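Biologist: Show me how to read the features of a model. Take them one at a time, please.

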Amino acid sequence: RLYHLLGTYQIQTQPNSMNRVYGKKKAPGPPAPSLGEASEGMDKRVGGIDNKIASLEKELKGYKDKLKTTKNPAAKKQIQKRAMDVLKRKRMYEKQRDQVMAQQFNVDQAQFNIESAKATVSTVAAMKQANTELKGMMKKELNIDDVDDITDDLADLMYDMDEINEALGQNFATPEDIDEADLEAELDMLDDELEEELAETETPSYLQEPQLPAQPTGLPGVKAPAEGEEEALNA
């Protein structure tokens with residue numbers, strides 16, 4: 001029975017001794033807020049501090065107006081003391097606002113860097129995928145040797161087509177032993193004969209139409225005015 005009691009005590013005390021040596025595992029807490037949520041929280045804090053500063057500025061303006069109208073030195077001194085306290089609180093809130101805004105800037109900068117890193121990772125993954133697809137197409141569907149063969153065949157075909165067109169465009173009726181000087185002399189003779197034929201085929205004078213006077217524009221029996229008189233009448 002004593003052995004049984006000692007075993008039970010050892011079992012009950014063993015977890016406590018283990019916790020003292022290795023420490024007790026903490027329960028998982030709430031998830032950490034995101035950078036966007038942290039920035040929104042800081043923005044709300046800045047808005048609340050701005051409202052407090054605006055309220056203190058309104059209160060400080062009231063004290064300034066009272067100082068202008070107060071004549072009693074003791075009362076004026078009391079108002080100045082209150083205004084000084086309000087001014088100190090206003091400066092304290094402005095300092096807190098600047099600190100929160102600086103922290104918010106750092107959070108926003110970290111969030112921007114994370115978003116840029118994610119965009120970079122996506123871009124690199126897309127480029128890797130495109131590189132893999134391009135390599136597969138180059139190996140399976142494209143071959144540089146085949147492309148060179150195709151371009152060489154096309155060049156040969158174009159050269160053959162030029163020769164065929166040149167052969168089809170030859171004038172088979174023109175002899176090859178004709179001298180160009182003889183052709184030019186014969187062309188000059190044809191020009192002279194053409195001029196003589198044109199001179200012989202001119203219309204005779206008795207067949208040409210006579211030159212009639214201009215058609216009269218005035219009335220019969222009325223003398224046409226001179227050029228100067230007609231301009232004067234028209235004016």
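Biologist: Is Glu57 buried, partly exposed or exposed?

Modeller: Start with the classes: buried is under 20% relative accessible area, exposed is over 50%, and partly exposed lies in between (1.4 Å probe, protein chains only). Glu57 has a relative accessible area of 39%, so it is partly exposed. This is a predicted model, in which local features need pLDDT of at least 70 and side-chain atom pairs pLDDT 80 or more, while totals for chains, interfaces and linings use all residues. Residues are numbered from 1 along each chain as its sequence is written, and side-chain values use heavy atoms, with hydrogens and water left out.

Biologist: Which side chain meets that of Glu57 in a salt bridge?

Modeller: A salt bridge puts a side-chain nitrogen of Lys or Arg within 4 Å of a carboxyl oxygen of Asp or Glu. For Glu57 the partner is Lys90, at 3.8 Å from N to O. The pair links distant parts of the chain: Glu57 sits in helix α2 and Lys90 in helix α3, 33 residues apart. Helices are DSSP runs of H or I with at least four residues, strands are runs of E with at least two, and numbering starts at the N terminus.

Biologist: Is Lys90 buried or exposed?

Modeller: Lys90 counts as buried because its relative accessibility is 11%.

Biologist: How many salt bridges does a search of the whole structure find?

Modeller: The search returns 4. One of them joins the side chains of Asp50 and Arg97, at 3.0 Å from N to O. Asp50 is in helix α2 (residues 35–69) and Arg97 in helix α3, so this pair ties together parts that are 47 residues apart in sequence. Asp50 is partly exposed, at 31% relative accessibility. Arg97 is partly exposed too, at 23%.

Biologist: Now contacts. Which residues does Gln104 touch, leaving out those up to four places away in sequence?

Modeller: A contact means heavy atoms within 4.5 Å. Gln104 touches Ser39, Met42, Asp43 and Val46. It lies in helix α3 (residues 73–140). Gln104 counts as buried, at 14% relative accessibility.

Biologist: In which helix is Tyr63 placed?

Modeller: Tyr63 is in helix α2. It is buried as well, at 13% relative accessibility. Setting aside residues up to four places away in sequence, Tyr63 touches Ile79, Arg82, Ala83 and Val86.

Biologist: What share of contacts in the protein chain between residues at least 6 apart joins residues at least 24 apart?

Modeller: The share is 77%. Buried residues, in turn, make up 8% of the 235 residues. The chain has 6 helices and 0 strands, in the order α-α-α-α-α-α.

Biologist: Which residues make a nonpolar surface patch?

Modeller: Patch residues have over 30% relative accessible area and no salt bridge; like charges are joined within 9 Å, nonpolar side chains (Val, Leu, Ile, Met, Phe, Trp, Tyr) within 5 Å. Leu134, Met138 and Leu142 make a nonpolar patch of about 290 Å². Met138 lies in helix α3 and is partly exposed, at 45% relative accessibility.

Biologist: And which residues form a negative surface patch?

Modeller: Asp and Glu count as negative, Lys and Arg as positive; His and the chain ends are not counted. Each charge is placed at NZ of Lys, CZ of Arg, CG of Asp or CD of Glu. The negative patch consists of Asp145, Asp146, Asp148, Asp149, Asp152, Asp153, Asp156, Asp160, Asp162, Glu163 and Glu166. Asp146 is in helix α4 (residues 144–168). Asp146 is partly exposed, with a relative accessible area of 42%.

Terms used:
Accessible areas come from the Shrake-Rupley method with a 1.4 Å probe; for residues, only the protein chains shown count as cover.
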